[in-house]
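Visitor: Hello! I am new to reading protein models, and I would like to learn how to look at one. Could you walk me through it?

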Amino acid sequence: MANRTVKDAHSIKGTNPQYLVEKIIRSRIYECRYWKESCFALTAELLVDKAMELRYVGGSFGGNIRPTPFLCLILKMLQIQPEKDIVVEFIRNADFKYVRALGAMYMRLVGTSIECFKYLEPLYNDFRKIRRQTKDGNFSVVHMDEFIDELLREERVCDIILPRIQKRSVLENNNELEPRVSALEEDMDDVESSDEEEMVEVNRSPSPSHKRSSGHHRDRDWDQSRRSLSPKFKRSPSPHRRRSRSRERHGERDAKRRRSRSPRDKDRRQRTDRDRHRRGDDERKHHRSSKRSHRDERDEKKSKSSRDHSDRGDRHRHRDKNRSESTYDQEIREANEMRAKLGMAPLRP
């Protein structure tokens, strides 16, 4: 009795509304726990609360073909057949996206071609993300407009074969539907109007040829002034002057070389070399002495730390010895007191 369609239900596509779901999936829904616990004795008023608890859409999943709560509520709506106003309110509800998806799915199953296009096409402007459970039990993210597009174009959605509907072009030719106006066309009109305004501004501005000619004259004047001022463009000296200058330079170099070869210069060089060697030896000696001093300081610090460590160890050992002796004497004293009370001879200290 719980799985039968209501008595006053209208046949859809010439058959029982529940028969829109295949028999295998329908029997799996009847056996699942969600159907028995949450969908039993469910009315149209209580259906709203269950629809608001949905967290994903999907058909069946897993190896044993378990149905999702979304599919169970679709079958329950086919069984109780709620009024059209309730389904339309489901579709127009903007607060709960899964309630909207449930109403759109039910409208696609039971509605006519005109009703499907009339109520589902406005949902193309809903770009919210919804979760969908796949066949292997994992979840994927889709958008509401993608889900609506699948309802209007695909043959099977959520493991349910959708009834055939008439094409929109045929309905437009029969004047049963008005041509659809996309929200993108308004944006394209705005873009075209802005492009026309830019073209008008470009036409008002001076032509690029005029700019090119004026710029060419300006560059030519600037080149002439630069050539007249810069030394780069001045007349170069004659080759005879170049040769005489090069000879003078070579003569000066030879004179410098001769001076450098004099005995005084040799003595100066030898003295500078000796001084340099002496400085190097002094620096090396200073470096070695500094290394030794650092090494000695390091050894002193190590010996001092080892001495301190040994002194600390001796102190600790002496303290531990004193403690052990004091505890030993105290134990002997306590034992003698006990033996005296009992009338026994005392222990030797």
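Visitor: Does Lys13 count as buried, partly exposed or exposed, and what relative accessibility does Lys13 have?

Guide: Before we start, keep in mind that this is a predicted model. Relative accessibility under 20% is called buried and over 50% exposed, with partly exposed in between. Lys13 has 49% relative accessibility, so Lys13 counts as partly exposed. You will find Lys13 in the segment before helix H1 (23-31).

Visitor: What is there to notice about the phi of Lys13?

Guide: Lys13 is not a glycine, and yet Lys13 has a positive phi of about 55 degrees. Ala41 also has a positive phi, near 55 degrees, and is a residue other than glycine. Look for Ala41 in the loop between helix H2 (33-38) and helix H3 (44-52). Ala41 counts as exposed because its relative accessibility is 55%.

Visitor: Now the cysteines. How many disulfides are there?

Guide: For a disulfide, the two cysteine sulfur atoms must be within 2.5 Å. By this rule the count is zero. Take Cys72: the nearest cysteine sulfur belongs to Cys32 and is 3.7 Å away, and Cys72 is in no disulfide.

Visitor: Are Cys72 and Cys158 buried or exposed?

Guide: Cys72 has 0% relative accessibility, so Cys72 counts as buried. Cys158, at 12%, counts as buried too.

Visitor: Where is Ser113, and which residues does Ser113 touch?

Guide: Ser113 sits in helix H7 (residues 113-120). Leaving aside residues up to four places away in sequence, Ser113 touches Ile165, Gln166 and Leu171. With Gln166 you can look at one atom pair: a polar atom of the Ser113 side chain lies 2.9 Å from the backbone nitrogen of Gln166. Ser113 counts as buried because its relative accessibility is 17%.

Key:
Residues numbered from 1 in each chain as written. Predicted model: local features only at pLDDT ≥ 70, side-chain atom pairs only at ≥ 80, totals over all residues. Heavy atoms only, no water. Buried < 20%, exposed > 50% of the residue type's maximum accessible area, 1.4 Å probe, protein only. Helix = DSSP H or I, 4+ residues; strand = E, 2+ residues; numbered from the N terminus. Polar contact = N/O pair within 3.5 Å; in protein donor to acceptor, adjacent residues only side chain to side chain. Contact = heavy atoms within 4.5 Å.
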